[in-house]
Amino acid sequence: QRRVHGTPAVAAKLSSCSLTYFSYGEILFIMTLSETEHSEHDGNQLKNAKKDNEVSTAGEMVADNENEGSEDEEIQQPADMSDSLPYPVYKPNLPREHPGKLCLWQHVTYPQMDIINEAETCEKLRESLATVFQLSDEDPLHRIELDLYYYATQFCRRENFKAEQTSTVISMLVNVHRVNVETPYNNQEHALRYFRSALLCHSVKRPPYSLLLFNPEQIQLILIM
């Protein structure tokens with residue numbers, strides 16, 4: 001026989017008895033009861049912990065779904081703060097496709113072609129083009145654009161193009177130039193596709209969508225101009 005100092009459950013069992021000393025079998029029986037009580041208590045704690053964990057996990061999943069939905073809404077519908085700013089916000093144009101259309105007499109009319117054809121020298125031709133397109137030879141940017149129309153007119157004269165053909169070539173170059181400068185982004189492919197579609201509109205007889213102004217040989221010359 002010996003004195004037993006064990007767990008609180010064992011101490012409670014011992015304190016409920018009037019005797020201080022027990023036999024070895026009685027001690028084993030009391031300790032078995034205490035271990036059973038501890039296992040039941042631990043099992044209940046584990047069950048409660050699992051329930052709490054499941055509830056918290058479900059709450060986190062719902063909160064995450066709400067946050068993801070709000071983020072999607074913000075991405076799909078970004079807030080436009082430009083109207084509330086005290087200064088204007090620069091919004092550059094993005095590259096876009098331009099379908100080819102007829103441009104006969106679009107930027108150079110028939111009377112204007114008469115003025116251009118009357119110019120015999122290079123200086124008079126540049127002055128005529130500057131008058132038609134309202135450009136100044138003193139402005140560097142205007143000078144670049146004026147060079148474009150000047151060399152295009154010289155090309156048409158060298159290939160013996162008619163007045164309507166020359167007007168169409170210059171008008172197509174005006175449109176290509178405007179396509180190029182409408183956005184700060186690289187849109188060379190868009191401008192090239194427009195130029196090819198515009199040439200197609202003037203090389204096939206299919207009114208009112210296209211006219212036969214250039215034959216295949218002239219089309220090749222314009223492409224390598």
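The side chain of S167 reaches the backbone nitrogen of W105 at 3.4 Å, a polar contact (a pair of N or O atoms within 3.5 Å; within protein, one must be able to donate a hydrogen and the other to accept it, and residues adjacent in sequence count only if both atoms are side-chain atoms). The model is predicted, so local features need pLDDT of at least 70 and side-chain atom pairs count only at pLDDT 80 or more, while totals for chains, interfaces and linings use all residues. Residues are numbered from 1 along each chain as its sequence is written, and side-chain values use heavy atoms, with hydrogens and water left out.

S167 sits in helix α6; helices are DSSP runs (H or I, at least four residues) numbered from the N terminus. With a relative accessible area of 0%, S167 is buried, the term for anything under 20% (1.4 Å probe, protein chains only). S167 touches W105, V108 and M113, leaving aside residues up to four places away in sequence; contact means heavy atoms within 4.5 Å. L104 lies 63 residues from S167 in sequence, yet their C-alpha atoms are 6.5 Å apart.

Turning to α5, its buried residues are E145, L146, Y149, Y150, A152, T153, F155 and C156. These pack against α3 (110-118), α4 (122-133), α6 and α8. At the start of α5, a side-chain oxygen of D139 comes to within 3.2 Å of the backbone nitrogen of L141. N160, which follows α5, has a positive phi, near 60 degrees.

Terms used:
Helix = DSSP H or I, 4+ residues; strand = E, 2+ residues; numbered from the N terminus. Buried < 20%, exposed > 50% of the residue type's maximum accessible area, 1.4 Å probe, protein only.
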